[in-house]
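Subject: Structure handover

Hello,

Here is the structure we talked about. Please look it over before you read my notes below.

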Amino acid sequence: MTRDFPESDWKALKGLRPIALDRYCKQVLREIEQVAADASKTAHQRYLEIFTLIDKRNETMSVAFDDVRRSTAFLKLANISARGLLTDEEKMRFTAETRGLLQLLSS
């Protein structure tokens, strides 16, 4: 999707990106804790599962958070939003047009 990303949305994304990234990392760490605590598996099985989990989550993180530029800003925002990393209040910082597009994508 190619569209101009308004300056106000760019500023909102830049401000919210570190907050969303922190939330994402907390989610991943909770997943890791659950795997690590699974006593039904050997330590080696848990290690391998954690290794695979981190690899997958790192790919997801890259898609949503790496190389944010004006030309990729909406797609990054859409990925962040689709993962539930923004509150409704935080989404209100974006223009009505951007919020509408995000809503359309999530339907």
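Which residues does S81 touch, leaving aside residues up to four places away in sequence? They are K91 and L102. Keep in mind that this is a predicted model.

More on S81 first. S81 lies in helix 3. The relative accessible area of S81 is 13%. The cut-off for buried is under 20%, so S81 counts as buried.

Overall fold

The chain has five helices and zero strands. Along the sequence the pattern reads α-α-α-α-α. The radius of gyration is 17 Å, well over the 13 Å that the globule rule gives for 107 residues, so the chain is more spread out than a compact globule. Along the principal axes, the C-alpha atoms fill a box of roughly 50 × 25 × 25 Å.

Some totals for the chain. Of the 107 residues, 29% are buried. The chain exposes about 7,000 Å². Carbon and sulfur atoms supply 55% of that area. Take the contacts between residues at least 6 apart in sequence: 65% of these join residues at least 24 apart.

The core

Nonpolar side chains tend to be buried together in soluble globular proteins. In this model, the largest nonpolar core has 24 residues. The residues with the most contacts inside this core are F5, L13, F65, L77, I80, L86 and F94. Four helices each supply at least two core residues: helix 1 (7-36), helix 2 (43-65), helix 3 (73-82) and helix 5 (96-106). Helix 1 gives the most, with nine residues.

L13 then touches F5, V68, A73, L77, I80 and F94. Among these partners, F5, L77, I80 and F94 are also on the list of residues with the most contacts inside the core.

The surface

Which residues form a nonpolar patch on the surface? Y47, L48 and F51 do. Together they have about 350 Å² of accessible area. Y47 sits in helix 2. Is Y47 buried or exposed? The relative accessible area of Y47 is 52%. The cut-off for exposed is over 50%, so Y47 counts as exposed.

Best wishes

Conventions:
Residues are numbered from 1 along each chain as its sequence is written. This is a predicted model: local features need pLDDT of at least 70, side-chain atom pairs count only at pLDDT 80 or more; totals for chains, interfaces and linings use all residues. Side-chain values use heavy atoms; hydrogens and water are left out. A nonpolar core is a set of buried Ala, Val, Leu, Ile, Met, Phe, Trp, Tyr and Cys residues joined through side-chain atoms within 4.5 Å. Buried means under 20% relative accessible area, exposed over 50%, partly exposed in between (1.4 Å probe, protein chains only). Contact means heavy atoms within 4.5 Å. Patches are made of residues with over 30% relative accessible area and no salt bridge: like charges are joined within 9 Å, nonpolar side chains (Val, Leu, Ile, Met, Phe, Trp, Tyr) within 5 Å. Accessible areas come from the Shrake-Rupley method with a 1.4 Å probe; for residues, only the protein chains shown count as cover. A salt bridge is a side-chain nitrogen of Lys or Arg within 4 Å of a carboxyl oxygen of Asp or Glu. The radius of gyration is taken over C-alpha atoms; the globule rule is 2.2 Å times the number of residues to the power 0.38.
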